[in-house]
Amino acid sequence: MTVTASYPVTVTMSYAARVALRHPGRLLTCRCMNRLLMSMAGLALLGAAAASPAVAVVSQGTFRMGADAAWARGIDGSATQVAVLDPGFGGLDASIAAGELPPRGAMQEKSFDAVHGIEGRDNLGAPTQHGTRMAEIVHDVAPGARLVLVNYADIDGFLQAVEWIAANGIPVVSHSNSILGGPFDGTGPLARAVDSAAARGVLWVNSAGNFAERHWRGVPSPTGTEVPVAPAPGQTIAFGVGWNAPGVQAVLAVQRQQADGAWVDVARSDSTRRTPPITVDGGAWRVLVIRTAGGDAPVNLFSRTVGFGALAVPDGSVATPGDAAGALSVGAVPWQGTDPERYSSRGPTQDGRSKPDLVGPTYVTANPLFPGTAGTSASTAHVAGAVALIRHERLASGQPVDVPSLRADIVRRARDLGVRGPDAATGAGMARVDVQAPRITVAVPRGPRPRVRVMAFDAGTMAAVELRLNGRLMRTAPGPQMRQRIWLRKGRNRVEVRARDLAGNQSVVRRVVVRR
């Protein structure tokens, strides 16, 4: 998870009051693309929230996916458990005290870390609140879902956690982590475990990874192929390698240059195909990829922290278990945008399958102490929450909620982001819950200079309305309404109004107005 500056702004109360019914006691925030008007009801809600001892925020990504449209229909994820699987959940009590998570008694905890317990440690061995941030996002999207917090310390712990989740019938998993020891073709032990869980009724939502700039692919030599890196002093680095060609074997040597110019091994990859974490103390560094068996064949090198610069290969940078056929793999797009983040891992997998399956919103604030929560981690938690809402909706309408049905439903609802059909960066597009277009009313009074009145109605959050006259853009207004005076020419005039919500649904109304 990365953090960057982001400053939330309170959203319009036209829908915030409705959302408050689903998030009692929570202050709703959304750094909206356009300024939205605040009603008196909204001011009253803000006053009540400010007086509350625990005032929380709701991620902007919830509105980008149209989750509030589901809340307005009473769909909040109830009757669904979501397992948030992560290496660690530090800061839980602080998050609960701030109102960002339910009380511990309303959640379930299970640890597969015998040393550190539920607080855990991250992939580099440091204390982490990563899982807590992910749980906050899932809770924002699906506040009625019961959270099951599960953590693990190593590969064996991961495999035990997957088995426990499947054995306990938890239908949705949010896993925002990647393991850097290959293979990365869906055949490794982690991918096989995910496939097994999916076959037992678990919709597994997994981050595709943040490795588009930290992945190298090439054919190493027996004497070693050099991949230079430039870590900053104090930075911790770690690497992993994988291949899927029969008979091939390779190892990594992380090396530091001595004062006399000689390169010396600092660490080597082990049987897990990963190197241990190394804290850099300055100097020049490189990774040597050494083929130890087999013929010429491509090998994939992943870095946990430091990028490979011009040598990076974005394609094929989905790590495991995001490479599993049974995983719904998620890439990252900023909640306000449509372009994938540069770091977001891209497909295809090493065996040629399309990944990621879709993308979710990132760079959001789900806790005011951690603005700008980002990465495919945040995107994955949003999508898992959306799955919980869709599952609730399907249960309420008597539709099947098996894994293939749920998976097909959320993929079908995804908003295409400019490329027809799945692509290597965004898959099917931006995940969303709401696919209902706004309803528009247009009033054009008589006269040569009428004031056009436009109102758009939507169960979710309106982004903007747009007015065109005879093909010319007259005005784009944020929010659900507009009043605009226009000059009608003699004869026939074409008036066109477009309205779009934050989930990307759009409606168009066209009128012909005749001036005598």
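1. Arg273 lies in the loop between strand 11 and strand 12 (278–279); helices (H or I, at least four residues) and strands (E, at least two) are DSSP runs, numbered from the N terminus. Arg273 is not a glycine, yet its phi is positive, at about 65°. Arg273 is partly exposed, with a relative accessible area of 21%; buried means under 20% relative accessible area, exposed over 50%, and partly exposed in between (1.4 Å probe, protein chains only).

2. The model is predicted: local features need pLDDT of at least 70, side-chain atom pairs count only at pLDDT 80 or more, and totals for chains, interfaces and linings use all residues. Residues are numbered from 1 along each chain as its sequence is written, and side-chain values use heavy atoms, with hydrogens and water left out.

3. A positive phi is also found at Ala79, near 70°, in a residue other than glycine. Ala79 belongs to the loop between helix 4 (67–72) and strand 1, and is exposed, with a relative accessible area of 66%.

4. The chain holds ten helices and 23 strands. Of its 516 residues, 55% are buried. Among contacts (heavy atoms within 4.5 Å) between residues at least 6 apart in sequence, 76% join residues at least 24 apart.

5. An open sheet is formed by seven strands in the order 2-3-1-4-5-15-16, with parallel pairing; two strands pair if DSSP finds at least two bridges between them. Strand 2 (108–112) and strand 16 (358–362) are at the edges with a single partner strand each, so one side of each has no neighbour in the sheet. From one strand to the next, the twist averages 25°. Strand 5 (residues 203–207) is joined to strand 15 (residues 327–334) by four bridges, and Val205 has Leu328 as its bridge partner in strand 15.

6. Two helices pack on these strands. Helix 6 (residues 130–141) touches strand 1 (81–86), strand 3 (146–152) and strand 4 (172–175), and its direction makes about 155° with that of strand 1. Helix 10 (residues 403–413) lies across strand 5, strand 15 and strand 16, at about 20° to strand 15. Axes are lines fitted to C-alpha atoms, for helices over the stretch in contact, and angles run from 0 to 180 degrees between N-to-C directions.

7. In helix 8 (residues 189–199), the buried residues are Leu190, Ala191, Ala193, Val194, Ala197 and Ala198. Seen down the axis, they fall within an arc of 160°, so they line one face of the helix; the arc is that of the directions from the helix axis to the C-beta atoms. These buried residues pack against helix 7 (155–167), strand 5, strand 15 and helix 10. Gly201, which follows helix 8, has a positive phi near 105°.

8. Helix 6 and helix 9 (residues 375–396) pack at about 35°, with their axes 8 Å apart. Residues in the contact include Met134 and Ile137 of helix 6 and Ala381 and Leu389 of helix 9.

9. Val251 is bridged to Ile290 in strand 13, and Val254 to Ala267 in strand 11.

10. Thr320 and Pro321 are joined by one, with omega about 10°; Gly347 and Pro348 by another, with omega near 0°. Pro321 is in the loop between strand 14 (299–303) and strand 15, and Pro348 in the loop between strand 15 and strand 16.
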